[in-house]
Amino acid sequence: MADSAAAPVVRVEHLSKHYGARRAVSDVSFDMRPGEVMGLLGPNGSGKSTILRILTGYLQPSSGSAQVCGMDVVSRSLEARRCVGYVPEDVPLYAQMRVHEFLTFMGRLRGLEGAGCARAIEEVFERLSFGQFRGQLIGKLSRGYRQRVAIAQALLGRPKLLVLDEPTNGLDPRQIIEVRELIRALAGDMAILVTSHILVEIERVAHRVAILLDGRLLGVHALADARMGLEELFLSLTEGEPR
Amino acid sequence: MRVFRALLDKELRALYQAPVAWIVIGVFLGLMGYSFTLTLFNNRYATLVHIFFQAAGLLLLIVPIITMRLLAEERRAGTLELLLTAPVKESHVVLAKYLAGMSVVLLMIGLTASYAVVLGLYGTPEWGAIYSGYLGLALLASTLVSLGLAASALTSNQVIAAIVAIGISFFLWMVDTLAAMLPDGLERVFISLSLLARFTPFATGAMYTSDAGFFVSTTLLALFIAMRALARR
């Protein structure tokens, strides 16, 4: 569970991102504590992925600031990225690489070498139970196993923040349950920021939820304290908003 | 440095495991060998000048085929996001791809050194001119690889990257042909930008630091453009 006294792992203040005249994210602020699982919930195009891409250093904000592990994602981007493991939405991987080769490559990018890298890879194989696929070409794996490879690379180097963009997209029911269990198991070791446009996905795994609509943050709520279910909460917050 | 080594290893493996590089090397050597044999039997001069010009002409077409996928494919497949959200500098990504691309082109050029060996065995070539010709080819290749990389950084479509790179390379190759139509001041500028005008002294055995500086400068400029294209997100 989240340590409320500890320094925040993520601090986002008045964050905005514009693409020309189009506003993708507008004046969003929130923070996350170590060990906390936070859900970013919102319909497609609400700015969830943009926020994640800013936190992971892939996009630069138009205004406002974002810090990961106390480091600004723009001015200290490289150091901030060392704290983050990221699984993008469409699980982009090098299809021509074998699983072990890919994980070794990603481990080396995170500064792991030799025996340390091999140990870290064995750890993630064990944690995600897919060591039997180490010699397989990534392009020949099913969507579910590619998702595991993507999560595995994100866990290398034990990041303080794990960022998962729509992690259950395209998975079958059993795989969805496995991803949920994995998120629950990892919570506590690291902060996890997970996006979804599906209410139940967030409700099942998150301690807190941030609800986004058209790039605006409508509210951040602790799910354990909420007097109403997430569905009612979402409807009450988005009531009267243009669809 | 370790991260850079990891990036370079990955690029080298990706390039040499794909059939494209080997097909391109094969076609290049086939055409060059044919031309070398034919010219040698017809002229019976121990020189490689014509080979250097032919190699340069082929490089204009072939290098963009090698470089087209370097960044465009990463962008199309989405792996660029994975790469740039890891603790990696954009400059390292670009340099690793540049060096991997250069290694293929230098291997290709290096294998034609067998022609110089043949000339040495059966004739008395002017070695200074041969060294200068190979240095010129390496410098030209460096400019072409970096131009191709810059084109590949600007799009997610490999074909567009190749066409743009071929277009720019050919334009720069023959831009001096426009010079005759221009006023004096501009004429000099266009001639100084011409890859052909800069390469010719090397191919004919005359080396000038200004020409070498031009190739190095254009390489650095194109690599800088590629880095800016990655950083602009």
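Reader: What radius of gyration does chain B have, given what a compact globule of 233 residues would have?

Author: The model is a predicted one. For 233 residues, a compact globule would have a radius of gyration near 17 Å. The value for chain B agrees with that expectation, and the C-alpha atoms of the chain fill a box of roughly 55 × 45 × 30 Å along the principal axes. The radius of gyration of chain B is 19 Å.

Reader: How many helices and how many strands are there in chain B?

Author: Along the sequence, chain B follows the pattern α-α-α-α-α-α-α-α-α-α-α. The count for chain B is therefore 11 helices and zero strands.

Reader: Which percentage of the contacts in chain B between residues at least 6 apart in sequence join residues at least 24 apart?

Author: Of the 233 residues of chain B, 40% count as buried. Among the contacts in chain B at a sequence separation of at least 6, those that join residues at least 24 apart make up 78%.

Reader: How far apart are the end C-alpha atoms of helix H3 of chain B, given its 29 residues?

Author: Helix H3 of chain B covers residues 49-77. At 1.5 Å a residue, its 29 residues should span 42 Å, and the distance in the model agrees with this. The end C-alpha atoms of H3(B) are 43 Å apart.

Reader: At which residue does H3(B) bend, by about 40°?

Author: After H3(B) comes B:Gly78, which has a positive phi, near 85°. The bend of about 40° in H3(B) is at B:Leu59.

Reader: Which element gives the largest share of the side of chain B that touches chain A?

Author: The contact takes 22 residues from chain A and 17 residues from chain B. On the side of chain B, the elements that give two or more residues are helix H1 (2-17) and helix H4 (79-84). The residues on this side divide into eight nonpolar, five charged and four polar. The largest share, five residues, comes from H1(B).

Reader: What is the radius of gyration of chain A, with its 243 residues?

Author: Chain A has eight helices and 10 strands, and its C-alpha atoms fill a box of roughly 55 × 40 × 40 Å along the principal axes. A compact globule with 243 residues would have a radius of gyration near 18 Å, and chain A agrees with this. The radius of gyration of chain A is 18 Å.

Reader: How many of the residues of helix H1 of chain A are buried?

Author: Buried residues make up 47% of chain A. In H1(A), which covers residues 48-55, the buried residues include A:Lys48 and A:Arg53, along with A:Ile51 and A:Leu52. The helix is followed by A:Gly57, whose phi is positive, near 85°. H1(A) is largely enclosed by the rest of the structure because its buried residues number eight of eight.

Reader: How far apart do the C-alpha centres of domain 1 and domain 2 of chain A lie?

Author: The domain assignment of chain A gives domain 1 as 1-83 + 160-243 and domain 2 as 93-158. The contact between the two takes seven residues from domain 1 and five residues from domain 2. On the side of domain 1 that touches domain 2, the residues divide into four nonpolar, two polar and one charged. The C-alpha centres of the two domains lie at a distance of 25 Å.

Terms used
Residues are numbered from 1 along each chain as its sequence is written. Chains are lettered from A and ligands numbered from 1 in the order in which they are written. This is a predicted model: local features need pLDDT of at least 70, side-chain atom pairs count only at pLDDT 80 or more; totals for chains, interfaces and linings use all residues. Helices (H or I, at least four residues) and strands (E, at least two) are DSSP runs, numbered from the N terminus. The expected span of a helix is 1.5 Å times one less than its number of residues. The bend at a residue is the angle between axes fitted to the seven residues ending there and the seven starting there. Ala, Val, Leu, Ile, Met, Phe, Trp, Tyr, Cys and Pro count as nonpolar, Asp, Glu, Lys and Arg as charged, and the others, Gly among them, as polar. Domain bounds come from an automatic or database domain assignment. A residue is buried if 20 or more other C-beta atoms lie within 10 Å of its own, exposed if 12 or fewer, and partly exposed in between; C-beta atoms are placed from the backbone. The radius of gyration is taken over C-alpha atoms; the globule rule is 2.2 Å times the number of residues to the power 0.38.
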